[in-house]
Amino acid sequence: MESDASGGESVPFWNDAMLAEAAVLINEDFRREMRRFAELVAPQASRLDSRFRSRLRARQLDSKQIKALSEVTSGAAAEIVVRGAPVEVFFEQVEYNGRRLAKLNLLPAEVMRLLAIHDTLLGTVLDAGKDSQPPVWVRSQLRVATAMSLNKAFAQVREAEAQAFYDLFRAELEAQGLAPLLRQFLVNLTRVSQAQAGRLVLFEPGTGVCIAQAEVGAEGDEPAAVTKLPAAMLRKLGRTRYILRGTPGTRAILDRRMAGKFRSFWSKPVMHKGQLAGVIQLGFSTERSWLPREVQLLDAAVDQCLLAAEKVRLMEDLATREDQVRQLSERIWQVEEEERRRISRELHDEAGQSMLFIRLQLEMLEAACGEGEIPDRLREIRDVTEKTIVEIRRVIAALSPAVLEQLGLSAALRQLTSRFRRLHPARIRLHISPKINRLPRQHEVMMYRLVQECYNNIAKHSSASAVNISLTSSDNYLELRVEDDGVGFQVEEAFEKRHSFGLPGMRERVALLGGRFVVASAPNQGTKITIQLPLERDLERETQGGAGGRLPMETKRKKPRRLSAQAPARGSKDTRNGKDSHSFNG
């Protein structure tokens with residue numbers, strides 16, 4: 001038993017153990033005895049309710065809490081049953097008011113304590129008529145059934161709140177941009193608040209300049225877009241308000257369609273570091289004022305919305321900057337290729353032709369001088385000139401191989417491999433899939449440069465005796481595999497080494513086309529490089545443009561599809577087979 005501070009009566013407290021005994025059916029015996037109970041209590045119900053409300057006011061409860069509590073008492077049940085309604089109508093009323101009590105921040109245990117006050121008052125009334133008292137089990141069963149209905153109502157409210165935050169979190173994860181995120185947040189808020197329409201507007205803090213907005217539920221013409229609000233309107237929107245239609249407060253409703261259609265409105269400011277950063281306005285078809293728990297839920301939802309919106313904006317800014325960096329890198333690569341072709345042309349047209357002229361003049365002087373020391377010296381000079389011509393041709397071919405332009409990637413790689421065989425003793429095995437025909441120019445040039453860099457690395461660092469190179473393709477991607485039996489290296493250290501641009505440069509080239517770059521190596525265990533580039537078969541061939549037109553080698557294409565593969569994520573490390581394996585996805 002517990003002492004009632006307001007009046008001194010003994011008040012029973014219904015604990016969890018007693019509530020666990022609530023497996024009671026509302027059968028015919030209960031209904032019959034409830035009718036008898038109602039006939040006894042109904043004449044005293046009004047006086048009981050008045051005394052009960054007085055006790056609640058003494059406990060500093062507000063009018064909404066008092067009204068909801070008075071609707072779930074035994075006296076309220078008696079008034080319903082005596083009118084001829086089934087007792088189930090009372091329990092429906094209990095569930096409705098139980099949800100209101102939950103939103104009024106009264107816990108179930110506190111509600112049962114307060115209802116015990118009414119039961120004590122009721123017991124006093126019934127004790128006065130001892131000859132006509134209902135069975136004790138009727139009151140006990142009514143209390144337990146009421147507690148069950150209240151607990152069910154509280155659980156529904158908490159479940160709805162948890163679902164609301166789950167939906168907000170899911171919207172944050174699934175949104176593809178700021179506008180879809182705001183709309184989904186608003187959809188969730190209108191549903192959990194039981195509103196019929198809503199408007200969400202975000203401002204640049206302190207300026208009133210709109211940066212994003214969303215609206216749901218308002219039919220008719222499109223609302224006027226909010227661009228910038230005057231200072232007077234910002235002051236109106238800067239506080240939480242409950243607004244009724246027809247009152248001066250409706251001038252603060254941003255969507256004039258909502259202002260003329262709905263009976264009541266909630267206006268909730270979105271604050272960021274003490275400054276107004278937006279507003280959420282909800283419209284209701286009835287005069288629906290909010291309850292404390294709803295305000296708390298709305299506050300938490302607004303805070304989450306603001307954080308999610310800021311996160312999405314940062315991600316969009318980051319994506320934009322990454323795209324700008326990628327475009328810049330691609331442009332640098334294109335300029336590099338243009339410069340290679342320019343230098344190649346100048347070497348061919350200027351230095352190459354000059355060297356050929358010098359060789360021809362030397363041959364003519366050698367023939368004119370006959371025998372002797374001078375012809376021998378001229379012959380030595382001619383030999384050096386011929387070697388220089390060969391070296392110039394090699395440089396020209398390395399800078400911009402004509403065979404790549406004329407015959408395609410397969411022929412260019414065979415020529416590159418043939419040159420490598422002449423200069424290095426390693427055994428080279430080159431396999432090119434017969435499916436590979438002419439590819440988009442970007443892919444051909446990129447793959448040629450990657451193989452060229454692999455050969456350079458093998459020649460400088462590998463000391464390999466055998467090299468296997470495989471180039472295959474499918475409908476979706478082009479794959480290059482390069483494997484050698486050289487000295488190997490620590491992959492992580494190679495990528496972290498400063499002023500080293502071989503492997504990092506290859507990785508960045510692959511990233512330009514949205515490809516995948518994997519390096520596996522270990523000391524004395526050789527090296528294996530796997531490169532995959534996505535293929536878009538419907539790419540337009542590049543158009544040659546001037547400085548003011550489309551970039552040379554640029555293709556009008558969709559963003560390359562990123563390859564999905566069973567491999568470590570970008571920059572991740574795998575140590576299977578005793579080798580460090582680093583995978584980078586572009």
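This is a predicted model: local features need pLDDT of at least 70, side-chain atom pairs count only at pLDDT 80 or more; totals for chains, interfaces and linings use all residues.
Me: Why is Ser70 called buried?
Reply: Buried means under 20% relative accessible area, exposed over 50%, and partly exposed in between, with a 1.4 Å probe and protein chains only. Ser70 has 5% relative accessibility, so Ser70 counts as buried. Ser70 is found in helix H3 (residues 63-70), where Gln65, Ile66, Ala68 and Leu69 are buried too. Of the 586 residues of the protein chain, 45% count as buried.

Me: Why does Cys369 count as partly exposed, and what of Cys210?
Reply: Cys369 has a relative accessibility of 37%, which lies between 20% and 50%, so Cys369 is partly exposed. Cys210 has 17%, which is under 20%, and is therefore buried.

Me: How many disulfides does the structure hold?
Reply: A disulfide is a pair of cysteine sulfur atoms within 2.5 Å, and the structure holds zero of them.

Me: What makes the pair of Glu215 and Arg257 a polar contact?
Reply: A polar contact is a pair of N or O atoms within 3.5 Å; within protein, one must be able to donate a hydrogen and the other to accept it, and residues adjacent in sequence count only if both atoms are side-chain atoms. The side chains of Glu215 and Arg257 are joined at 3.2 Å, so the distance meets the cut-off. Glu215 is placed in strand E4 (residues 210-216).

Me: Which residue caps the N-terminal end of H3?
Reply: Asp62 does, with a side-chain oxygen 3.1 Å from the backbone nitrogen of Lys64.

Me: With which residues is Ser70 in contact, leaving aside its neighbours within four places in sequence?
Reply: Contact means heavy atoms within 4.5 Å; on that basis the partners of Ser70 are Asp49, Phe52, Arg53 and Ala76.

Me: What makes a space a cavity or a pocket?
Reply: On a 1 Å grid over the protein atoms alone, a cavity is a set of points where a 1.4 Å probe fits but cannot get out, and a pocket is an open set with protein on both sides within 12 Å along at least five of seven lines; lining residues have an atom within 4 Å of a point. Grid points are joined across faces, edges and corners, and a volume is the space filled by probe spheres set on the points. The structure holds three cavities of 30 Å³ or more, and the largest cavity has about 100 Å³. H6 gives the largest share of its lining, four residues. The largest pocket has a volume of about 790 Å³, and H15 gives the most to its lining, with 11 residues.

Notes: Residues are numbered from 1 along each chain as its sequence is written. Side-chain values use heavy atoms; hydrogens and water are left out. Helices (H or I, at least four residues) and strands (E, at least two) are DSSP runs, numbered from the N terminus.
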